[in-house]
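Here are my notes for your first look through this one. Have the viewer open and follow along point by point.

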Amino acid sequence: MSDTAKIEFNGQVHEFPLIKGTENELAIEIKSLRGVTDGLVTMDPGFKNTGSCLSGVTFLDGEKGILRYRGYSIEDLAEKADFLEVAYLLIFGELPTADQLQKFHEDIKANSMVDEDVKKILDAFPKTAHPMGILSSLTSALTAFNPSSVNVDSPEEMYQAIVRILGKFPVLVAWTMRKRTGLPLDYGDKKLGYVENILKMMFKMPNEDYEENRIIVDALDKLLILHADHEQNCSTSTVRVVGSSHAGLFASISAGISALWGPLHGGANQAVLEMLEAIKADGGDTKKYMAKAKDKNDPFRLMGFGHRVYKNFDPRARIIKKAADEVLGELGVDDPILDVAKGLEQEALIDSYFVDRKLYPNVDFYSGIIYRAMGIPVEMFTVMFALGRLPGWIAQWREMRLRKEPIGRPRQIYIGETFRDFKKLEER
Ligand code: SDX
């Protein structure tokens with residue numbers, strides 16, 4: 001096979017090198033395209049056919065339903081690792097030794113205080129504010145309380161920024177939830193594990209002892225692992241582009257949170273539950289919602305279905321679907337919404353509209369059912385997605401800066417007005 005690709009344009013043939021990755025993916029490297037063709041650019045809305053970077057963090061194969069973090073399969077990691085180990089793996093590239101993991105956790109705990117003045121920002125929000133908007137604002141505000149920008153060429157400074165955001169983010173997550181529920185803000189307990197502490201900060205009632213539920217801890221740990229990274233998805237690409245201007249890590253993460261909020265992306269897990277609730281309230285009429293999803297004149301989409309990359313199945317959805325059965329069973333929760341979800345999935349798997357377009361359940365389809373069984377309010381579902389995705393955002397931001405990637409600045413094709421003379425006010 002040739003190691004170049006040729007483009008014939010204006011009677012000239014231009015050759016461009018091919019880039020091959022470690023999983024044999026191929027790309028045409030077109031850095032010189034505009035120069036050698038006197039201005040030709042490519043056009044690829046949504047970047048469906050465009051690679052933005054070389055990355056060694058996550059590999060996924062949409063046709064085969066493969067997802068690996070730094071070479072380890074998502075199935076193995078979800079089964080055998082815990083979230084903090086996976087965070088370390090994504091960020092630093094290797095699974096930590098026991099000593100490395102313990103130091104990582106100690107350093108995170110040492111950075112888990114949030115300046116009391118941040119509470120004044122939180123107070124300014126109405127109780128009805130969506131937690132994702134609050135989380136994005138508070139994360140950006142961390143920059144004000146930790147103003148020194150990261151010198152990425154200093155491994156120590158980079159490490160300190162990483163443990164700082166991993167220490168403070170769970171506190172902000174818990175505070176966004178307790179703002180909504182009107183509960184006092186908690187700082188958790190340094191004696192607890194990372195996920196155990198997050199749950200205690202979220203759920204501890206001020207007037208009673210807190211009882212840890214291992215089923216919920218293990219379920220959340222697995223869900224966070226499944227959400228931890230997903231190569232160049234919308235929010236991660238946002239984090240990389242914002243970081244490419246050398247904006248700080250907290251500012252870049254804050255931008256990623258806003259991108260994740262959208263219902264076509266991480267916001268889908270909340271939209272799925274609202275859709276399933278509507279179907280249940282409508283007497284379980286799944287066919288009505290399937291018809292709406294297929295109607296081109298209806299903006300409604302079957303939330304939790306479809307994916308830019310996975311065209312057979314989302315391996316995470318398979319793991320979460322199995323976990324949903326287990327967790328609800330162990331918690332003794334009989335949620336009819338789960339039956340509605342399974343019915344909808346079964347119908348979509350045989351409906352030609354969905355089969356022809358390769359639309360299968362994605363990571364968001366079942367996750368909300370578990371979050372609800374765990375007592376997490378539906379408005380917090382996407383916040384939990386952000387909590388899981390944080391290590392992936394950090395890992396990708398760090399990789400982009402260490403590789404000294406250029407500032408992200410795409411071209412365009414202009415389709416507006418051509419030159420025209422100015423019209424005075426009285427002439428308009
Ligand atoms: C996440 O990128 C990632 O990796 C994201 C993520 C991650 O971990 O970061 O995996 C997390 O965001 C998962 C996706 C969550 N979003 C949803 O569940 C929202 C519903 N899904 C769709 O909006 C859609 O499937 C997307 C956004 C996920 C993917 O959209 P694409 O790849 O741009 O596909 P498309 O919009 O071009 O759709 C192709 C066709 C269209 O029909 P035709 O014009 O060809 O007739 O499929 C149709 C679409 O109308 N279609 C759907 C549909 N998804 C696509 N029709 C009905 N219901 C749907 N859900």
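1. Helices (H or I, at least four residues) and strands (E, at least two) are DSSP runs, numbered from the N terminus. This is a predicted model, where local features need pLDDT of at least 70 and side-chain atom pairs count only at pLDDT 80 or more, while totals for chains, interfaces and linings use all residues. Residue numbers start from 1 along each chain as its sequence is written, and side-chain values use heavy atoms, with hydrogens and water left out.

2. Start with the sheet in the order β4-β5-β6: three strands, open, with antiparallel pairing. β4 (58-61) and β6 (72-73) are at the edges with a single partner strand each, so one side of each has no neighbour in the sheet. β4 and β5 (residues 66-69) are joined antiparallel over four bridges, and Leu60 sits opposite Leu67 in β5.

3. β1 (residues 4-9) runs antiparallel to β2 (residues 12-20), with six bridges between them; Ala5 has Phe16 in β2 as its bridge partner. These two strands make a hairpin with two residues between them, and Asn10 in the turn has a positive phi of about 55°.

4. β2 also pairs with β3 (residues 26-28), antiparallel, through three bridges. Look for Ile19 opposite Ala27 in β3. Five residues lie between the strands of this hairpin, where Asn24 has a positive phi near 65°.

5. Check the polar contacts (pairs of N or O atoms within 3.5 Å). An N or O atom in the side chain of His230 is 2.6 Å from an oxygen atom of the ligand. For His265, a polar side-chain atom is 2.9 Å from a ligand oxygen atom, and for Lys296 that distance is 3.0 Å. The ligand taken alone exposes 1100 Å², of which the protein buries 80% (Shrake-Rupley method, 1.4 Å probe).

6. On a 1 Å grid over the protein atoms alone, a cavity is a set of points where a 1.4 Å probe fits but cannot get out; a pocket is an open set with protein on both sides within 12 Å along at least five of seven lines; lining residues have an atom within 4 Å of a point. Volumes are the space filled by probe spheres set on the points, which are joined across faces, edges and corners.

7. The second largest pocket holds about 420 Å³. Its lining has 25 residues, with Val217, Asp218, Ala219, Asp221 and Lys222 nearest the centre. α9 gives the most to this lining, nine residues.

8. The whole structure has two cavities of 30 Å³ or more. The largest cavity has about 140 Å³ of space, and among its 17 lining residues Lys109, Ser112, Gly167, Tyr194 and Asn197 are closest to the centre. The second largest cavity has about 30 Å³; His307 is one of its lining residues.

Terms used. A polar contact is a pair of N or O atoms within 3.5 Å; within protein, one must be able to donate a hydrogen and the other to accept it, and residues adjacent in sequence count only if both atoms are side-chain atoms. Two strands pair if DSSP finds at least two bridges between them.
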